[in-house]
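Here is a short briefing for a first look.

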Amino acid sequence: MHVTAIAMEEAGFPYRLGTECAEEIVARLADRAASRYLVVSDTTVAALHGHDFVARLEKDAGPAVLLTHRPGEVHKDIATVGALAEQALGEGADRRSVVVALGGGVTGNIAGLLAALLFRGITLVHVPTTVVAMLDSVLSLKQAVNATYGKNLVGTFYAPAEVLADTALLRTLPEREVRSGMGEVVKNALAIRPSMTGRLSALLRPDARYDDEALRWIIEESVAAKADVTRADKHERGDGLVLEYGHTTGHAIEHAARGGVAHGAGVAIGMTVAAEVSRRLGHCPDGLVDLHHDLITRAGLGTAVPPQAALADVKNWLSYDNKRGYLDCPPGSTPMVLLSGPGTPLRTGRLPLVPVPLDLVHEVVDASAAQAPDGAGRMSVAPA
């Protein structure tokens, strides 16, 4: 496995990436000599990989138990974490246990918060099974779950001891989830690492079929991009906020769609909204907006707010964005990451954030929704 040393201020951990390396993953976990391996998966991943993985751990590493939760963003909440904690304790978890997050970003956040809370913190190891998790979520110290008021509002910061990634695990991934991961890849290229844009443009496939070599390059470039902006900002409160590009509207769409829009797909749409907002404010040229649409389309992702995300719901969730509080914004505005060019975020002081009138964001969201295949003239639906 190729090893990248991830450093975030004083926090650090190895990121190991390979293909067909299940035996090495089990061996790495066995080296931790855990009293019990608490493998957390959703029920879908458990059926595909979890039972076999736990059997391997039982054989070669030590006592292991599979803890499952229902799949989907709607189940990423504090109740799920509490239920898993009770199950883990009932299975004999102690301070020498290791939480192994086997799954995508939802599972990673749930398991990460579980590890941070059990006995006030036990060892966490990520074994990601989605593109989004491999190149984005496992590289953050943010471990958070959703509240009724929005995404990722309840949580803490907690570092994994290690990330063990095997691209072979991506072979069972639905096309929807592969495309979702590419939304985050495009974000990394546009907002942080424009040097990867040329090769990425040639590699992106609307059919979401990538070979292992392409996936390893895409993941390694994205890991490097994220490391660049978090090396001196482990809490992502400074330069690391650029990772939130596209997330203001993206999270609102994702939340409003109640699982109908994958995370990276929402971020992709959110980036087109952010680019258009920046253009209307006079900060970026038409060419940057066109570049957004080109890369996102090459990845097989949509660029318009889809009908399953009710406009009134989207606008409501925009007011609960998790970047609130970083800036003293005027009334009726929200902080957003905007670009003036590839890899060049607009700044307020040292922060890659600027206040944007919510009315303008709403106008762009409306215009985006009207561009959806069946979005012309659609009515807003009041929040439930």
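Buried means under 20% relative accessible area, exposed over 50%, and partly exposed in between (1.4 Å probe, protein chains only). This is a predicted model: local features need pLDDT of at least 70, side-chain atom pairs count only at pLDDT 80 or more, and totals for chains, interfaces and linings use all residues. Residues are numbered from 1 along each chain as its sequence is written, and side-chain values use heavy atoms, with hydrogens and water left out.

**Salt bridges**

- The structure holds 30 salt bridges. Each is a side-chain nitrogen of Lys or Arg within 4 Å of a carboxyl oxygen of Asp or Glu.
- Arg-176 and Glu-177 pair through their side chains at 2.7 Å, N to O. Arg-176 is partly exposed because its relative accessible area is 38%. Glu-177 is partly exposed too, at 23%.
- One network of salt bridges with shared partners takes in Glu-276, Arg-279, Arg-280, Asp-286 and Glu-363.
- Glu-236 and Lys-142 form a salt bridge at 3.0 Å, N to O. This pair links distant parts of the chain, 94 residues apart. Glu-236 sits in the loop between helix H8 (212–230) and H9, and Lys-142 in strand E7 (residues 142–147). Helices (H or I, at least four residues) and strands (E, at least two) are DSSP runs, numbered from the N terminus.
- Glu-236 is buried, since its relative accessible area is 5%. Lys-142 has 30%, so it counts as partly exposed.
- Asp-60 bridges to Lys-59, with the closest N and O atoms 3.3 Å apart. Lys-59 is exposed at 69%, while Asp-60 is partly exposed at 46%.

**Cavity**

- The whole structure has one cavity of 30 Å³ or more. A cavity is a set of points on a 1 Å grid over the protein atoms alone, where a 1.4 Å probe fits but cannot get out; lining residues have an atom within 4 Å of a point.
- The largest cavity has a volume of about 80 Å³. Its lining residues include Lys-151, His-251, Trp-317 and Asp-321.
- Strand E8 (150–157), helix H9 (247–256) and helix H12 (311–318) each give two or more residues to this lining. H9 gives the most, with four.

**Surface patch**

- Ile-78, Leu-117, Tyr-149, Leu-153 and Val-154 make a nonpolar surface patch of about 450 Å². Such a patch joins nonpolar side chains (Val, Leu, Ile, Met, Phe, Trp, Tyr) within 5 Å, from residues with over 30% relative accessible area and no salt bridge.
- Ile-78 lies in helix H3 (residues 78–90). Ile-78 is partly exposed because its relative accessibility is 46%.

Methods:
On a 1 Å grid over the protein atoms alone, a cavity is a set of points where a 1.4 Å probe fits but cannot get out, and a pocket is an open set with protein on both sides within 12 Å along at least five of seven lines; lining residues have an atom within 4 Å of a point. Grid points are joined across faces, edges and corners, and a volume is the space filled by probe spheres set on the points. Patches are made of residues with over 30% relative accessible area and no salt bridge: like charges are joined within 9 Å, nonpolar side chains (Val, Leu, Ile, Met, Phe, Trp, Tyr) within 5 Å. Accessible areas come from the Shrake-Rupley method with a 1.4 Å probe; for residues, only the protein chains shown count as cover.
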